[in-house]
Amino acid sequence: MSAPSPSPVVAGAKANRGAFSGRTAFIFAAIGSAVGLGNIWRFPAVAYENGGGAFILPYLIALLTAGIPLLFLDYAIGHRWRGSAPAAWRRFKRWTEFIGWWQVLIALVIALYYALILAWATNYTFFSLDQRWGDDPDGFFGEYTQALGGADATISFDVVPAVLVSLVIVWLAVIVVMALGVQKGIAASSIVFIPLLVLMFVILVVRSLFLPGAIDGLQALFQPNWAALLDPTVWIAAYGQIFFSLSVAFGIMLTYSSYLKKKTDLTGSGLVVGFANSSFEILCGIGVFSALGFMAQAQGVAIDEVVTDGVGLAFIAFPTIISEAPAGALIGVLFFGSLVLAGFTSLISIVEVVIAAIQDKFGLARVSSTLLVCIPLAVVSTALFSTTMGLPLLDVLDKWANEYGIVAAALVSTIVVTYVVRGLPTLRDHLNHQGTFRIRTWWLVCVGVIAPLVLGASLVLSTIDLLTAPTTYEEYPGWFVLVFGWLMAIGLVVIAIGLSLIPWPAGSNLHKDDSDGDPIAPEAVAGRGLVTTPEAATPHELRSAPR
Ligand code: PFF
């Protein structure tokens with residue numbers, strides 16, 4: 001019954017990749033990745049601008065019809081083929097390896113700039129204590145980052161010392177955690193940081209709710225605009241938020257699930273992660289809008305004049321709130337501390353995508369692969385982003401890595417899995433073997449029809465938006481956007497294809513059994529599910545029916 005394994009196995013060799021101690025460790029790490037800046041500084045404004053209270057409807061539908069289904073897809077590939085993104089995709093179907101490298105390269109780019117936001121947030125946690133920005137947070141942020149704005153953006157290596165120091169600290173922390181490994185580093189830090197984050201954020205929300213004007217803020221956020229539901233862009237915004245927020249298609253969830261025990265309830269875990277992330281996201285909406293309501297009242301302006309997201313929300317609006325509110329220092333430490341914790345557990349997840357790939361490719365030990373990846377990453381990240389071009393570069397890379405990179409990678413993977421390799425039945429049966437939440441045809445429809453349609457529409461809409469806008473993105477010089485936006489995004493695909501053509505060395509994990517010493521499951525067979533056999537203890541032992 002058993003088909004041959006996809007690649008020659010070095011006799012007796014087993015991969016040494018590390019593992020989560022159990023499902024709880026995995027769930028914490030996965031929530032750590034999902035809960036990030038997307039929750040704190042993206043969701044509140046997206047919800048407000050796309051129908052307020054009415055946005056909950058498309059948001060929940062997006063969670064159920066795309067977020068959770070794609071999460072299951074990531075889990076199934078990583079768990080069945082027990083490898084980093086390139087190894088798992090290659091074992092799923094040899095020629096799809098490039099998708100894995102594409103995910104690794106996107107992760108690499110995101111890691112480079114994501115660390116900068118953490119560095120800023122670390123500094124601002126301390127600045128909150130004495131409200132270092134005085135009465136001009138906007139001007140202060142400009143002085144602190146010395147950022148080249150809009151049309152002035154260019155390549156510059158003028159170092160900003162305050163940023164440099166905290167960026168180095170962030171990278172040192174990342175290196176220590178990653179070197180400790182999957183369980184003692186990644187899982188352990190999430191098990192400590194995620195409950196701490198929730199505790200800090202709950203205190204922040206309670207404090208904000210008692211600020212004058214908080215209720216007006218909440219009313220503005222939750223006031224439903226039902227007419228918005230007729231607008232297709234609102235639906236695309238809901239799916240976009242869910243994709244980003246759950247970290248699907250980044251290669252992260254695939255990598256993490258490859259460290260799970262073979263007998264694990266994947267679908268049940270996915271539901272926990274999906275709902276935990278969305279619950280925290282809604283809590284963030286409440287916290288942020290209570291604070292914005294206070295700010296609007298203090299300044300005597302309407303809420304819509306103070307609503308912002310991203311860098312503007314965190315580093316300009318929040319400092320203003322901290323200065324104006326009673327016990328502002330407490331709010332500051334809680335808010336920036338939360339950004340640091342949420343960001344850190346996301347940053348390590350994205351770095352892990354790269355480390356796991358290098359570890360598999362060369363069959364390395366944990367510490368060597370960590371140093372091999374993190375030292376160059378830290379040096380390049382620090383050299384590029386502790387400079388006056390840090391902010392514009394971050395802005396452009398982020399826009400294209402997310403709106404093009406991740407969305408296109410997700411689109412290509414859903415189409416390849418569903419229609420080209422026709423691997424969904426295999427994946428479905430793998431998930432169902434231990435899953436407490438059974439998936440059926442609806443899952444195939446979500447992954448194969450709904451997700452590609454929405455992802456495709458979103459790619460087309462972002463392209464139209466960018467190409468028809470009266471100015472270049474944020475008025476950056478055309479060449480800057482061309483090089484770091486378009487060419488970067490296209491370049492990653494080309495490099496990924498190149499990387500997928502490089503042979504795997506004999507000592508790589510590709511040629512070994514899994515970490516338990518069991519053989520790797522064979523490639524997916526087009527259109528065929530797995531045959532359930534009573535003696536199969538794990539879904540990895542299941543094989544497709546013979547023709
Ligand atoms: N789910 C993350 C968030 O909501 O912020 C997305 C993410 C971004 C994960 C960047 C990892 C990362 F490095």
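Predicted model: local features only at pLDDT ≥ 70, side-chain atom pairs only at ≥ 80, totals over all residues.
Residues are numbered from 1 along each chain as its sequence is written, and side-chain values use heavy atoms, without hydrogens and water.

Helix 5 (residues 97–130) packs against helix 14 (residues 328–362) at about 155°, with the axes 8 Å apart; helices are DSSP runs (H or I, at least four residues) numbered from the N terminus, and axes are lines fitted to C-alpha atoms over the stretch in contact, with angles from 0 to 180 degrees between N-to-C directions. Helix 5 is therefore roughly antiparallel to helix 14 (angles over 145 degrees). The contact residues of this pair comprise 24 nonpolar, eight polar and one charged.

The axes of helix 14 and helix 15 (residues 366–385) come within 9 Å and cross at roughly 125°. Helix 14 is thus oblique to helix 15. In this contact (heavy atoms within 4.5 Å), Val351, Glu352, Val354, Ile355, Ile358 and Gln359 of helix 14 meet residues of helix 15 including Arg366, Leu372 and Leu377.

Around the ligand lie 14 residues, of which Ala34, Gly38, Phe244, Ser245 and Ser247 come nearest; a residue is counted if one of its heavy atoms lies within 4 Å. Polar contacts (pairs of N or O atoms within 3.5 Å) involve backbone N or O atoms: that of Gly38 lies 2.9 Å from a ligand oxygen atom, that of Phe244 lies 3.0 Å from a ligand nitrogen atom, and that of Ser33 lies 3.4 Å from a ligand nitrogen atom.

Methods: Helix = DSSP H or I, 4+ residues; strand = E, 2+ residues; numbered from the N terminus. Parallel < 35°, antiparallel > 145°, perpendicular 65-115°, else oblique. Nonpolar A, V, L, I, M, F, W, Y, C, P; charged D, E, K, R; others polar. Polar contact = N/O pair within 3.5 Å; in protein donor to acceptor, adjacent residues only side chain to side chain.
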